[in-house]
Amino acid sequence: METTLVQESKPPKEKAKPVSALGMIAVDAAERRTPADEFADPSFEVQQLDFFYGDNQALTQVDMAIPRGEVTALIGPSGCGKSTFLRTLNRMNDLVAETRVEGKVLLDGQDIYHRQVDVVELRRRVGMVFQRPNPFPISIYENIAYGPRLQGKVSKADMDALVERCLHGAALWDEVKDRLHTSALGLSGGQQQRLCIARALANEPEVLLLDEPASALDPKATARIEDLIGQLRGDYTIVIVTHNMQQAARVSDHTGFFYKGRLVECTPTAQMFTRPEHQETEDYLTGRFG
Amino acid sequence: MTPSNPPADSAPESPARGTLRGAPSRHARRWKERGILSLLNSAALFSVFITLAILWVLGAETSNFFAQDEVSVGEFFGTAQWNPLLGAEKHFGIWSLVCGTFLVAGVALLVAVPLGLVTAIYLSEYAHPRVRAILKPSLEVLAGIPTVVYGFFALTLITPALKTFSEGFGSFNALAAGIAVGILILPIITSLSEDALRAVPQSLRDGAFGLGATRFDTSFKVVFPAALSGITSAVLLAAARAIGETMIVALAAGSTPKVTMDVRDEIQTMTGFMVQMALGDVSNYGVEYYSMYAVAAMLFVLTLAFTLVGSWIRKRYREVYD
Ligand SMILES: Nc1ncnc2c1ncn2[C@@H]1O[C@H](COP(=O)(O)OP(=O)(O)O)[C@@H](O)[C@H]1O
Ligand SMILES: [Mg+2]
């Protein structure tokens, strides 16, 4: 990809560390901490992440690697920091007043909290879908065109093609192809949520962050979203927060268990659900709390 | 009145529950309910009655006006010369007063709409909560100033300032009055628009930011359009207020009815004329006295039209969020 997160990339200094394709100085491999080593090419590496809402610490010393092209589920009791963690990955927490981040979040080896990082560009590369479907009160077509239009002018023909591609990608095309120019608010909740996924896809992101994307939907719509996640797997790195352990088991390759702001463990999903390493994980999975 | 009420009394009651509800207290409660209901009904009926009474007086006196020999409906709606006081040369063409009203209201909206909307967007989307906590109440103080103060302000400050720019300004002129009315309606537009903007669900902003929108993109391309119906109704409400504003125009706009688009001219508005009539020593039963009611009726129809269009727009374009 030719895009760069950095607004103006500085010329590399003499004797500089190798410059990544994205224009920023890559973090020395030796500086990287262990969790990343499990994966040859992680998409995100999170290192010693602390997060504060004012004086209230919501995340403590989170180390996590998120493998590229796979589905990572985040589970844990409500209030344990799953959403907060997800929102540190595209810096949506910047919008909340009086918050503070410590530690590193590397996307393709670049620290996304580096002061030169262009947050707008970051959010285009790391798309997000929220708990409640939130289509804009405009037409289906315009919802999808919104992201690409922010980046510049797109010809009508290209946009038509893009809209169709994204709606296919979100398994929504057949249901809406005859009413692209009607209000998105006329869709059912499940359709709206898939539209929000299509809208995120239109930015051609590398990563999709899904924060309990099915919690407001009925079981049938939930199943469609889960199918869709399966289809997107491989093309996108997906991180999904879910309240529902069965859902995590169904859709994810890796699962991270959060408890009281800490990442207790992060292992392949099958392993987490059969042989959890920590007592807290086991207690949660067996429903002893949460 | 309320057929949807569950038929509580006809439902069979078990003996055990019957002892819990003593018959006398149930009786008393029902009478109390009925008393409260009829009190509320009569309060509502009273305001309807007052409205109808006003309309009736307005209609009766207006038809008295049109019954006069000097007056014809054709002249009233078909011409633009308004001269109710000049002995034999009396003319009753409403359009010069309507023109004066709309000239002042137009200037007021030109001042207040851009300023008010930008302020509302700033307060709702950009301002730090602490800044908003100071700014919003101070705007509301602006709304509490008596309009006669604005009138003097227009007459003694705005007009002299305007005169330094152009010789063409009269001592009374539409622009000074319009600017003052604009300042008067600024808090209405700002406050109501800000409410409309803040009513836009946070999830829409999140959606836009999540797609890489800047704060500007989010405010102007997502939040503002989503709040448009509320903003439109705010503007129409402010317009109705500007059209009905009396004290400022009576003091600063003058008393020369004419059809003009030149804001430097002295003009007269419908309300300005009514003040002149009500305060001047016109006989209580002359044609000029009745003309006041005809003008009032016209003003009523115009503001009603604004209100109706406003609520139609609000219904037609309202977005439903769950
Ligand atoms: N905007 C906020 N301001 C202050 N505290 C917050 C905010 N959002 C979340 N928190 C706090 O951070 C903690 C983690 O919340 P969250 O990440 O939403 O948990 P989860 O998504 O796992 O339910 C909770 O204690 C919550 O009260
Ligand atoms: Mg959450």
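## Burial of B:Met277

B:Met277 has a relative accessibility of 4% and therefore counts as buried (buried is under 20% relative accessible area, exposed over 50% and partly exposed in between, with a 1.4 Å probe and protein chains only). The residue belongs to helix α12 of chain B, which covers residues 270–279; helices are DSSP runs of H or I with at least four residues, numbered from the N terminus. B:Leu85 is 192 residues away from B:Met277 along the chain, with 9.8 Å between their C-alpha atoms.

## Basis of the model

The model is predicted: local features need pLDDT of at least 70 and side-chain atom pairs count only at pLDDT 80 or more, while totals for chains, interfaces and linings use all residues. Residues are numbered from 1 along each chain as its sequence is written, chains are lettered from A in the order in which they are written, and side-chain values use heavy atoms, with hydrogens and water left out.

## Aromatic pairs

Over all chains, the structure contains 18 aromatic pairs. Rings of Phe, Tyr and Trp (its six-membered ring) pair if their centres lie within 6.5 Å; planes under 30 degrees apart count as stacked, over 60 as edge-to-face and the rest as tilted. B:Phe76 and B:Phe77 form an edge-to-face pair, because their ring centres are 4.9 Å apart and their planes stand at 85 degrees. B:Phe76 is buried at 2% relative accessibility, whereas B:Phe77 is partly exposed at 41%.

Ring pairs join B:Phe76 and B:Phe77 in a cluster with B:Phe65, B:Phe66, B:Trp82, B:Phe92 and B:Phe273.

## Charges over rings

A charge sits over a ring if NZ of Lys or CZ of Arg is within 6 Å of the ring centre and within 35 degrees of the ring normal. A:Arg100 lies over the face of A:Phe52, 4.1 Å from the ring centre. A:Arg199 is placed over the face of A:Phe136, at 4.3 Å from the ring centre.

Methods:
Helix = DSSP H or I, 4+ residues; strand = E, 2+ residues; numbered from the N terminus.
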